[in-house]
Amino acid sequence: MRKLNQVLVSTGAESFREIVPLTLLSLASSAMLVPVVIFTPLALSFILIPLLYMPLFFGAFYAYHRRTEGKKLSVREMLAGARKGFVPAVVSGLFCSLLVLILGSTWWFYGGRDGAVNWTIAIFQTYFVAMAFVSQFYTLQLVLQNKLGIFKAMGESVKLFLRYPAYTIGAFFQALVVGVMLLVTVVGFAALFNGLLAVYLHKSANNVLHPDEAAEAEGVPETSPAYAEGRLI
């Protein structure tokens, strides 16, 4: 099994080589996010983002997964993935919306009150939501790479989190930091984040799903024929 910093370096090298198609994937998959965020009331966005944005988000993951199988990295593959993965993407998106609502309502109700008990409850709920988010780090990749149903993938993702807690928390934190940095410039987030995350999550998940293969891949040049065919990604 490769170390997390090796996964990050490999992601950077792959993203540099595929920067143009990854940017196109990011822009296309973010197309629904901008109007929803700008023009939709906050309450309605918790439903529209899972329904409109998450399938395209999943589609970017699908397109890169197909790239590892030797297919071309393209927007057409992304749209095909959005269609095929509509249900798991929406379920995953609704689950994330629920967690955000729990977190927001917790701080709205308990955070505005005085007393150590209220703050303790708010902090505990924040920890619970954070761990729930981290535990789903592998879900969509399990749907893609292991062909699991969404609910079984959610359960398996929790098991992988419990098996590799430090690795999973570290990988989630790295993805979060990159997202926050790109979010500072909204254009950068829309143009890069989904594509970069598709590469990073695929490699991170593959590293724990196939640790022996990942270990054998260490030190093998990424320009090799095996890499070009997607067998070392």
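Let's start with Phe137, which counts as buried at 8% relative accessibility. The model is a predicted one, so the cut-off matters here: buried means under 20% relative accessible area. Tyr138 falls under that cut-off too, with a relative accessibility of 1%.

Phe137 and Tyr138 also pair up through their rings. Their centres sit 5.2 Å apart with 85° between the planes, an edge-to-face arrangement.

Phe137 has another ring partner in Phe172. Here the centres are 6.4 Å apart and the planes meet at 70°, so this pair is edge-to-face as well. Phe137 belongs to the loop between α7 (116–135) and α8 (139–145), while Phe172 is part of helix α10 (residues 165–184), so the pair ties together parts that lie 35 residues apart in sequence.

## Other aromatic pairs

How many aromatic pairs does the count come to? There are 7. Elsewhere in the chain, ring pairs join Tyr53, Phe57 and Phe61 into a cluster.

## A nonpolar patch on the surface

Now for the outside of the model. Met32, Leu44, Ile47, Leu51, Leu52, Phe86 and Val87 make up a nonpolar surface patch, and together they have about 580 Å² of accessible area. Two or more of these residues come from each of α4 (42–68) and α6 (86–109). Which element gives the most? That would be α4, with 4 residues.

Met32 comes from a loop, the one between α2 (19–29) and α3 (33–39). With a relative accessible area of 38%, Met32 is partly exposed.

## Gly93 in helix α6

Helix α6 also holds Gly93. Is Gly93 buried or exposed? Gly93 counts as buried, with a relative accessibility of 3%.

What does Gly93 touch, once residues up to four places away in sequence are left out? The contacts are Pro50 and Met54.

Conventions. Residues are numbered from 1 along each chain as its sequence is written. This is a predicted model: local features need pLDDT of at least 70, side-chain atom pairs count only at pLDDT 80 or more; totals for chains, interfaces and linings use all residues. Side-chain values use heavy atoms; hydrogens and water are left out. Patches are made of residues with over 30% relative accessible area and no salt bridge: like charges are joined within 9 Å, nonpolar side chains (Val, Leu, Ile, Met, Phe, Trp, Tyr) within 5 Å. Accessible areas come from the Shrake-Rupley method with a 1.4 Å probe; for residues, only the protein chains shown count as cover. A salt bridge is a side-chain nitrogen of Lys or Arg within 4 Å of a carboxyl oxygen of Asp or Glu. Buried means under 20% relative accessible area, exposed over 50%, partly exposed in between (1.4 Å probe, protein chains only). Rings of Phe, Tyr and Trp (its six-membered ring) pair if their centres lie within 6.5 Å; planes under 30 degrees apart count as stacked, over 60 as edge-to-face and the rest as tilted. Contact means heavy atoms within 4.5 Å.
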